[in-house]
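The discussion begins after the display.

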Amino acid sequence: MSIHVDLELIALVAAIVGFGTAAQFLAAKYRVPSVLFLIVAGIAIGPEGLGIVTTDTFGDALSTIVGVSVAIIVFEGSFRLTFETVRTAPRAARRLVTIGAALSFLGTALAVWLLLDASWDIALLVGALLVATGPTVITPILAVVSVREPVATTLETEGIVNDVTAAILAIVIFKAMTAQELAPRGFVFLFIERLGMGIVTGLAIAGVVWYLLTQVDLPAEAEPQTARLLALAGAVIAFAIADSVFSEAGIAAAATAGFTLGNLELPHRESMLRFNQDVTLLVLSFVFITLAALLEFAELRTLGSAGLGVVVVVAVVLRPLVVFLSTTGREFPVRERLFLSFVGPRGIIPASVATLFALRLQTTTPPSDPAGADLLLGTVFLVILVTDLIEAGFARQIAVAFGVVETKE
């Protein structure tokens with residue numbers, strides 16, 4: 001029986017990887033972000049489709065698989081983000097990850113509280129999670145939509161930074177929900193605690209990887225492969241160490257390790273970068289398809305028109321407001337500000353963390369909040385589904401409509 005189950009699981013994993021590869025192929029052929037095909041593939045094999053993947057398929061291991069995958073994705077994105085790029089990044093990027101993130105958080109929470117009659121705990125949790133856009137959806141868009149470098153840098157910087165801060169903010173709020181006596185000052189302490197742990201761990205692991213690659217003599221023929229594997233190991237180890245101390249600190253650790261290593265003089269850096277990108281495409285496909293497969297339309301239907309109202313507030317009201325406030329001045333023409341306004345899809349971080357929290361709310365006593373769990377999961381997935389299908393799926397068409405596509409000489 002055990003062997004039979006294992007073979008079924010192996011076949012399922014192989015099928016998901018196959019779907020993911022097909023999605024990347026179709027994305028390259030038709031110049032559409034792969035996220036669109038990955039979501040469709042996930043829904044097709046989930047409970048709403050063929051029923052091949054259910055919540056019981058991976059059991060308790062799903063959150064671990066998703067966590068490690070997210071660490072690799074965030075590591076790759078931050079590895080490509082150089083200090084020079086950040087230093088010279090448009091002021092809009094810095095505003096988007098500070099003032100913009102705060103406005104998105106509070107505005108989304110208020111919309112969820114008013115429109116869905118949610119408790120403030122759930123509303124704030126949804127607001128924190130939906131701050132994140134993330135490299136999981138932004139990178140595929142920029143791979144097929146050629147825009148000016150300042151626009152691309154703004155989107156990439158926002159995605160990477162907000163992925164980390166949104167995840168940490170969400171875990172702080174969730175912890176506060178389970179520790180009712182937590183004072184307001186405790187929120188700040190928990191946030192700094194997890195961010196600090198992630199930064200320290202990421203710096204330490206990056207230092208070890210740098211030392212092994214630059215100070216230890218290796219046979220010349222083994223150096224490229226060793227460099228690639230050390231980079232991948234660094235991402236996973238940094239995540240594991242930090243996350244074992246404080247939940248969600250691992251994401252900050254992976255991002256810190258990637259950013260640090262990406263800015264050091266390392267041998268075979270280009271080889272490491274290409275390898276990281278290939279691995280990221282693989283895990284991105286697996287995670288997106290798996291989480292999309294867990295989507296149940298019944299949870300979305302219960303939200304009704306109020307749920308669609310939240311989507312409209314997030315994507316059509318708050319996003320343009322935040323972008324236009326963050327891009328004041330002459331840095332971006334109006335057409336680029338409009339493009340940034342209508343390309344802000346949500347990605348893996350909100351989906352994976354919301355799934356983890358919903359499971360805990362459904363099974364933990366006290367507190368146990370099944371209704372809150374359904375509201376949390378349904379709202380987050382509805383926003384992800386709509387923004388990914390429309391904003392990510394039609395990003396190229398949006399760029400063309402606003403006239404921001406750069407022509408290559």
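Predicted model: local features only at pLDDT ≥ 70, side-chain atom pairs only at ≥ 80, totals over all residues.

Residues are numbered from 1 along each chain as its sequence is written, and side-chain values use heavy atoms, with hydrogens and water left out.

Two packed helices are described by the angle between their axes and the distance between the axes. Helix α3 (residues 61-79) and helix α11 (residues 249-262) pack at about 30°, their axes lying 7 Å apart. Axes here are lines fitted to C-alpha atoms over the stretch in contact, with angles running from 0 to 180 degrees between N-to-C directions; helices are DSSP runs of H or I with at least four residues, numbered from the N terminus. The pair α3 and α11 is therefore roughly parallel (angles under 35 degrees). On the α3 side, V70, A71, V74, F75, S78 and F79 meet residues of α11 that include I251, A254 and F259, contact meaning heavy atoms within 4.5 Å.

Helix α11 itself is mostly covered, as 13 of its 14 residues are buried (under 20% relative accessible area, with a 1.4 Å probe and protein chains only).

I39 belongs to helix α2 (residues 34-45). I39 is buried, with a relative accessible area of 4%. Beyond its neighbours within four places in sequence, I39 is in contact with F288, A292, L385, D388 and L389. The C-alpha atoms of I39 and L291 are separated by 8.6 Å, although the two residues are 252 residues apart along the chain.

Terms used. Helix = DSSP H or I, 4+ residues; strand = E, 2+ residues; numbered from the N terminus. Parallel < 35°, antiparallel > 145°, perpendicular 65-115°, else oblique. Buried < 20%, exposed > 50% of the residue type's maximum accessible area, 1.4 Å probe, protein only.
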